[in-house]
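I opened the notebook to look up a few spots in one model. My notes follow, entry by entry.

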Amino acid sequence: MTMKPFTRIHLIVLDSVGIGEAPDAEAFGDKGADTLGHIAQSVGGLKMPNMEKLGLANIVPVEGLEAQDTPAAHFGRLQEASVGKDTMTGHWEIMGLNIDTPFKVYPEGFPQELIDKLEQATGRKVIGNKPASGTEILDELGQEHMETGAMIVYTSADPVLQIAAHEEVIPLEELYRICEMARELTLDPEFLVGRVIARPFLGEPGAFKSTSNRHDYALTPFDRTVMNELQDAGKDVIAIGKINDIYNGAGVTEALRTADNADGMDKLVQVAGKDFNGLSFLNLVDFDALFGHRRDPEGYAKALEAFDARLPEVLGELREDDLLLITADHGNDPTFPGTDHTREYVPLLAFSPRFNGGSDLGTGSTFADIGATIAENFACELPKFGTSFLTKLN
């Protein structure tokens with residue numbers, strides 16, 4: 001490598017912002033999916049001037065945005081190689097892994113065998129056991145839970161088992177123990193759940209509200225990631241948002257929790273304003289959790305435009321030896337039936353104040369190209385998967 005390496009790399013994952021069906025989308029039931037494109041069409045065009053200048057519409061046409069003659073960032077798209085379209089699969093692949101055995105999702109609820117084992121282990125009955133949003137399930141079953149002491153179990157399009165309990169009915173310590181038991185049960189390859197999440201709440205029927213005492217019980221990646229290599233090399237790996245949970249803390253040197261997208265951007269601006277040597281890694285989950293799964297293209301569009309409006313604050317903190325990478329982990333087309341993720345290409349934008357315009361990076365065959373690029377920049381061992389595009393960034 002002849003170019004001077006970057007001292008800091010900031011990686012933003014726009015959770016679920018896919019940019020069009022992947023070549024194998026039909027095998028996942030997602031033929032025709034286009035998260036960004038369909039959102040833009042739904043609202044008569046997006047207003048994202050900052051992402052427009054970086055070159056978002058140079059990757060694919062986006063209603064409301066114009067392709068730039070001289071985009072500020074290098075641009076391209078990445079295809080997922082792993083067998084899956086969930087959060088953990090996408091993120092783990094970004095950091096150099098290839099998941100060939102998919103995590104399981106449960107669109108009809110969890111097997112009765114697992115529910116029976118959970119009831120036996122905890123001494124409490126289960127109610128729910130179906131896909132639902134956290135708000136809907138509390139409205140439906142919160143009162144029954146308070147009256148019976150049964151725990152509310154539900155899932156989502158991700159391979160996730162969630163357990164909701166009122167903090168005055170099932171104390172936090174007990175809820176956490178229950179989730180630890182569920183985590184052990186779901187390590188069985190027969191069930192293979194990616195995460196168990198404790199979802200405590202307070203309030204009265206009609207006015208339930210989740211508390212900040214949520215806790216995730218995740219799996220540790222099955223192999224070393226680029227984050228492990230960075231940590232071993234003495235570099236900083238600052239996880240912002242749910243990144244720490246997704247990797248179960250593996251390879252993380254500092255973790256910052258966030259309340260929502262706005263808080264995530266606040267935290268990133270703060271991190272970018274301080275000295276460090278390594279990676280800051282942010283996930284902005286609201287796109288997926290609040291708008292994709294709930295099939296709300298208008299809300300999704302507003303969230304995208306709100307992110308774009310905050311982007312100059314991040315760009316203003318970047319130094320000559322900084323690199324900003326913006327991508328996604330899967331799609332979640334809010335105009336599609338159901339509530340599931342969608343198998344799509346993801347965007348790739350690479351910007352540094354040192355660049356004099358950007359070029360077309362083309363289509364990468366795996367999200368792991370990002371991890372390979374980060375590893376090469378910091379002279380770490382390259383992952384088994386992925387091809388670095390570092391030499392194209394000048």
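**Entry 1: the annotated site**

I looked up D15 and found it in the loop between β1 (8-14) and α1 (35-42). Helices here are DSSP runs of H or I with at least four residues, strands are runs of E with at least two, and both are numbered from the N terminus. I noted that this is a predicted model, where local features need pLDDT of at least 70, side-chain atom pairs count only at pLDDT 80 or more, and totals for chains, interfaces and linings use all residues. Residues are numbered from 1 along each chain as its sequence is written, and side-chain values use heavy atoms, with hydrogens and water left out.

Is D15 buried or exposed? D15 is buried, with a relative accessible area of 0%. Buried means under 20% relative accessible area, exposed over 50%, and partly exposed in between (1.4 Å probe, protein chains only).

I then checked the record. UniProt lists D15, D329 and H330 for "binding site", in an unreviewed entry. Its positions are given in the numbering used here, feature names are shortened, and annotations may be inferred rather than shown by experiment. The three are spread over 316 residues of sequence, yet they cluster in space, with a largest C-alpha distance of 7.2 Å.

I listed the contacts of D15 (heavy atoms within 4.5 Å). Leaving aside neighbours within four places in sequence, they include K242, N283, Y300, D329 and H330. The side chains of D15 and N283 are joined by a polar contact of 2.9 Å. Such a contact is a pair of N or O atoms within 3.5 Å; within protein, one must be able to donate a hydrogen and the other to accept it, and residues adjacent in sequence count only if both atoms are side-chain atoms.

**Entry 2: D329**

I found D329 in the loop between β12 (322-327) and β13 (346-351). D329 is buried too, at 0% relative accessibility. Its side chain makes a polar contact with the side chain of H91 (3.4 Å).

**Entry 3: helix α5**

Which residues of α5 (residues 112-122) are buried? I found L114, I115, L118, E119 and T122. They cover an arc of only 135° around the axis, so they sit on the same side of α5. The arc is that of the directions from the helix axis to the C-beta atoms. These buried residues pack against β3 (126-131), β4 (151-155), β5 (160-166) and α7 (172-185).

**Entry 4: T155**

I placed T155 in strand β4. Its side chain reaches the backbone oxygen of V160 at 2.7 Å.
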